[in-house]
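Please keep the structure in view while reading.

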Amino acid sequence: MKTRKSWLALALAVVTLSLSLCTGCLDGTPLDRYSYVTSIGLDEGETYKYNVTFQIQQEGLSETSLEGAGESLISVEGDTIIDALGIANVSFPYQLDFSRTNSFVLSDKVASADFMGDISDALIASLHIRRSARLVVVMGKAREYYEGLDLSVNPNIAKQQSNIIENYYDEGMTSISNLSLFFEGVKNGRFDPVVSLGRIDTTAAKLKQNERTNSASEESAKDGRESKDETTAGIKRTGGTATYVLGSAVFCGARLAGTLNEFDTMMLNIMRGNDVTVRVPYPCENGIVSFRLTRAEKPDVRMQLWPQPSAAVSIRLSGDIELDTTGDAAQRWEDELKGKLEEYLALQMESVFLKLKLLNSDAVGFGRYAAMQFLTVPEWESYGWKERYRELEADYSVRVELFSNPNT
Amino acid sequence: MNLMEGRFGKQENASLIGIAAVCGSIFTIEPQHMYEGGNSAFISMPLSVTLGLLLFLLTLGAMRTAKKDSVLALCDYSLGKGFGTLVTAIFALTLVLSAFMLMERFVNLLHTLIFVESEYANVAFYVAIVPAVAALMGLESIARLAKCFGVFIAIIMLIGFAFASSSFEAHRLYPLLGDGVMKTLENSARGAFASLPAFIAPLCVVGAAQGSKSLHVSGCAGGIAAIVFVLVTQLAVGLVFTYGELREMYAPLFNLNTVLISEDYYLRYDKAMVFVWLAAAIITSAYYIYITANIVTKRLRLFDARPCAASVSAFIACFIIAEHQNIYSIMQTATEFVRDYGALILAAPLIIAAIIGIIKKKLSERRQGFENA
């Protein structure tokens, strides 16, 4: 009797355990039912408010090869993303799925307008888009930004995403923001969002898409008279993808307020206390000394909010000399270069702060420190940080230490 | 009477109380209400659990003084049979509601975040059947399950917080007092409902927990662990999201890693984490379902607790589905009511019963002393 019972228990255990392997069978969905949208681009529409571009991942022809794999684009006009999605869905054999969406690309015109109502928290939740999806603002059209990636080469998509992060940490020449941080900045008003700035270098590569660019720009490229907008930050290059990310787009609330170049972006990253490494070239009389600097600790910000908001910011950096064409930078470090570099960096930071103040953008995030001086929410909200930010005076002091004393 | 109580030790009981208190305090709170005027939940929620622990100690002390072996007997002794039955009925109903709130939250979570394409009823069935089975197995099984999973759940959750720690920023916690001291205290008092059932439930089954002394030790251990864990969780959530975002979020813990700039694929464990939390919710729901069945069986002098456990489970499952389909909204109304007044409804009669019980016992001892003299 006992043996039969134990056999019964064993059989029950086996059946129960094997059921755990069948969880996918409940309301099972075939794998090829979906097509995955990896990125959503927003341009101004001609007939409707937006021209929404869906970058869609294409699987390879077989499980083992990448042949046929890549990305395709569908652009649809609509007053909202949902409107456009409806049309995209009926024009595509698969159902569009957004669980792999990792970026939003906004054209500068869309970012300058009031688009927040159309990329709301509710929309993100209903489409199951991860809030970690990154934001990019493009000087130009989002559709052209995708085309510049050469979508027929699949790895470019993933590589470019990781390259933005590498560039951010290793060079600090761009800013990074995702939906979560963007919503936080816009809703709470403690800082204004700073987003990666995408650009298109029309001279970089002979892409199929670029063949239809106007002849005037091609002519000017041949003559070597490219404007800064057509090249990579004013530098002519050959090869690589036409699309690149450099500098940052600065917001005032939910609207694009302006842009910062790569050097100002490096300064901004240091001012915000971001954990990045930057290269700072310091011009001397007899050459250039280039420093590779990283933050030694978070900035020490002492804020006074009454009667007028003011901030004393001290920043500690540490690093090394990376390039020295003068030949004697190490010898001159303690007596001369250290002080000059610290003064130079403080001046550059103050200049970036003034630029941001003119744009009415608290991209540095002084509001974060201001909020910490209040005990209750009503007190903080009645202070009206955004209005008071215009009166803010900031004083920067920088200290730089080299990892190893160059004299030793 | 087949109550299926069994016997278990201090570790099992501490795990059971800890899991139930943490689960209630994290997953049954309403974000819109809790973070409405700011985030002071990292103060108010640990305080709520502390209030629950204090009530537990007071009631247990009264039970020991009055020499009563369960809170049901204490209520009968202090308030009389009629009021005692009423109080225990209210207690059983709040346990059902607590189990319903937890299970409904998890069915919604699974349906909106993971099994998006599945029928709601199927997901509800998937979630509801496990606590029902555990409750049918009896209290000892649930307690041993709690011991097995307790440390595991805690470690997994702490690992999750460690991954998210690079996005912690202190300014998000500010202003520290949210909407002010009074509002924080009010939230603490109201929020106590989330953890009170976890502390009152073991008082119904003192015998299974090896007596009041053992229960005292395990209750304190589980309670203190819950206070610490709720504090850590609320701090982690508060360091990642400001109150402006929290009041609009259905599941802040689920979004904990999305703030990270370089979100690697190994950090995308949030869907897996839902199942770890689900394990905690299942144990808590099973516990509450079983205790409800235990109370009903004792009160109605039935022979077996299992039919009642089965019917309570079915009742909860049916209402989860019915509420989703907007057939009924009675549970939703009741849930909103107990979120506001549940702590008062639960705590007030117990405090009164405990105080009367102590006074009554002291008076009777004094009277007996006089009579003997």
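A salt bridge is a side-chain nitrogen of Lys or Arg within 4 Å of a carboxyl oxygen of Asp or Glu. In this predicted model, the rule finds four salt bridges across the interface of chain B and chain A. One of them joins the side chains of Glu184(A) and Arg172(B), with 2.8 Å from N to O. The rule also finds eleven residue pairs in polar contact across the interface of chain B and chain A. On the side of chain B that touches chain A, the largest share is three residues, from helix 9 (residues 243-246) of chain B. That side of chain B holds twelve nonpolar, 13 polar and ten charged residues.

The size of an interface is often given as the accessible area lost when the parts come together. Between chain B and chain A, about 3,100 Å² is buried, and carbon and sulfur atoms give 50% of that area. The contact involves 34 residues from chain A and 35 residues from chain B.

The second topic is the aromatic rings. Over all chains, a search of the whole structure finds 21 aromatic pairs.

Phe374(A) and Tyr383(A) are both buried. Trp385(A) and Tyr389(A) are four residues apart in helix 13 (residues 385-389) of chain A, so about one helical turn separates them. Trp385(A) counts as buried because its relative accessibility is 4%, and Tyr389(A) counts as buried at 0%.

Methods:
Residues are numbered from 1 along each chain as its sequence is written. Chains are lettered from A and ligands numbered from 1 in the order in which they are written. This is a predicted model: local features need pLDDT of at least 70, side-chain atom pairs count only at pLDDT 80 or more; totals for chains, interfaces and linings use all residues. Side-chain values use heavy atoms; hydrogens and water are left out. Contact means heavy atoms within 4.5 Å. Buried area is the accessible area (1.4 Å probe) that two parts lose on being put together, summed over both. A polar contact is a pair of N or O atoms within 3.5 Å; within protein, one must be able to donate a hydrogen and the other to accept it, and residues adjacent in sequence count only if both atoms are side-chain atoms. Helices (H or I, at least four residues) and strands (E, at least two) are DSSP runs, numbered from the N terminus. Ala, Val, Leu, Ile, Met, Phe, Trp, Tyr, Cys and Pro count as nonpolar, Asp, Glu, Lys and Arg as charged, and the others, Gly among them, as polar. Rings of Phe, Tyr and Trp (its six-membered ring) pair if their centres lie within 6.5 Å; planes under 30 degrees apart count as stacked, over 60 as edge-to-face and the rest as tilted. Buried means under 20% relative accessible area, exposed over 50%, partly exposed in between (1.4 Å probe, protein chains only).
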